[in-house]
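Dear colleague,

I am passing on the structure below, and my notes on it follow. Please read them with the model open beside you.

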Amino acid sequence: SLSVAMEYILDSLLPIFGADEASYFEYDQAQQVWRGTASVGTVESVQGAVAPRQRYPHGVKALESRQILMIDRTVEYPDFLPEDLHREGATIYSAMVIPISVQGEVRGVIFMNYINEMHHFNSHEHDLAQIIADQIGYGLDRRYIEQAARQAFEETARIYENSADLIGVAG
């Protein structure tokens, strides 16, 4: 499943970037709500970490700009609400938001949070995050294409079966 695959990916990214927690959220443009798919290392329960959210303006900014956001000091970033920075006894000091594009459109983002201490990002981390985002996007793109092909095949098979039944009735 997508959530299990994303958990493996996120779990492997934590030590690479030195982050404390990571989540993958997809954004439903029509309803303007975030839907969590996977989360690792979070202080919240998995259910709480991936519950639909209506805010995350820094996530929307990454979606709209199609750019990775690297925020060294979240307290100085205007889009973070205090209740998002301080939750369940933990403080988010730094954050990285990595947009993931699928079939040419940004579908979601990876939120990487640094809750133990502030992190100073560099250009190498940005470049690596972009490469990883591209690879995840390619993988998801292939998954969606395979899923669409499978659905088209199943629909064609249903139509064939139904038409065969109709031909048998007419004959």
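Predicted model: local features only at pLDDT ≥ 70, side-chain atom pairs only at ≥ 80, totals over all residues.

Five strands make up an open sheet in the order E2-E1-E7-E6-E3, with antiparallel pairing; helices (H or I, at least four residues) and strands (E, at least two) are DSSP runs numbered from the N terminus, and two strands pair if DSSP finds at least two bridges between them. E2 and E3 are the edge strands, each of which pairs on one side only, and the twist from one strand to the next averages 20°, where axes are lines fitted to C-alpha atoms (for helices over the stretch in contact) and angles run from 0 to 180 degrees between N-to-C directions.

Strand E1, residues 21-28, is mostly covered, as six of its eight residues are buried (buried means under 20% relative accessible area, exposed over 50% and partly exposed in between, with a 1.4 Å probe and protein chains only). Towards E7, residues 105-114, E1 is joined by six bridges, and Tyr-24 stands opposite Ile-110 there. Seven bridges join E1 to E2, residues 33-40, where Ser-23 stands opposite Ser-39. The hairpin of E1 and E2 has four residues between the strands, and in this hairpin Gln-32 takes a positive phi near 50°.

Helices and cores

H1 packs on the sheet, touching E1, E2, E6 and E7, and its direction makes about 65° with that of E2; contact here means heavy atoms within 4.5 Å. H3 lies across E1, E2, E3, E6 and E7 and runs at about 135° to E7.

The largest nonpolar core has 25 residues, and among those with the most contacts inside it are Phe-17, Met-96 and Ile-110; such a core is a set of buried Ala, Val, Leu, Ile, Met, Phe, Trp, Tyr and Cys residues joined through side-chain atoms within 4.5 Å. The elements giving two or more residues to this core are H1 (2-17), E1, E2, E6, E7 and H5 (123-170), and the largest share, six residues, comes from H1. Leaving out residues up to four places away in sequence, Phe-17 touches several others, including Met-96, Met-112, Leu-128 and Ile-132. A second, separate core of 19 residues includes Leu-63, Leu-69, Ala-90 and Val-106.

Single residues to look at

His-58 lies in helix H3 and counts as buried because its relative accessibility is 4%. Apart from neighbours within four places in sequence, His-58 is in contact with Leu-69, Ile-71, Tyr-77, Asp-79, Phe-80, Val-97 and Phe-111.

Arg-66, which is not a glycine, has a positive phi of about 60° and sits in the loop between H3 (57-65) and E3 (69-71); Arg-66 counts as partly exposed because its relative accessibility is 44%. Gln-103, in the loop between E6 (94-102) and E7, likewise has a positive phi, near 55°, and with a relative accessibility of 44% Gln-103 also counts as partly exposed.

With best wishes

Key. Residues numbered from 1 in each chain as written. Heavy atoms only, no water.
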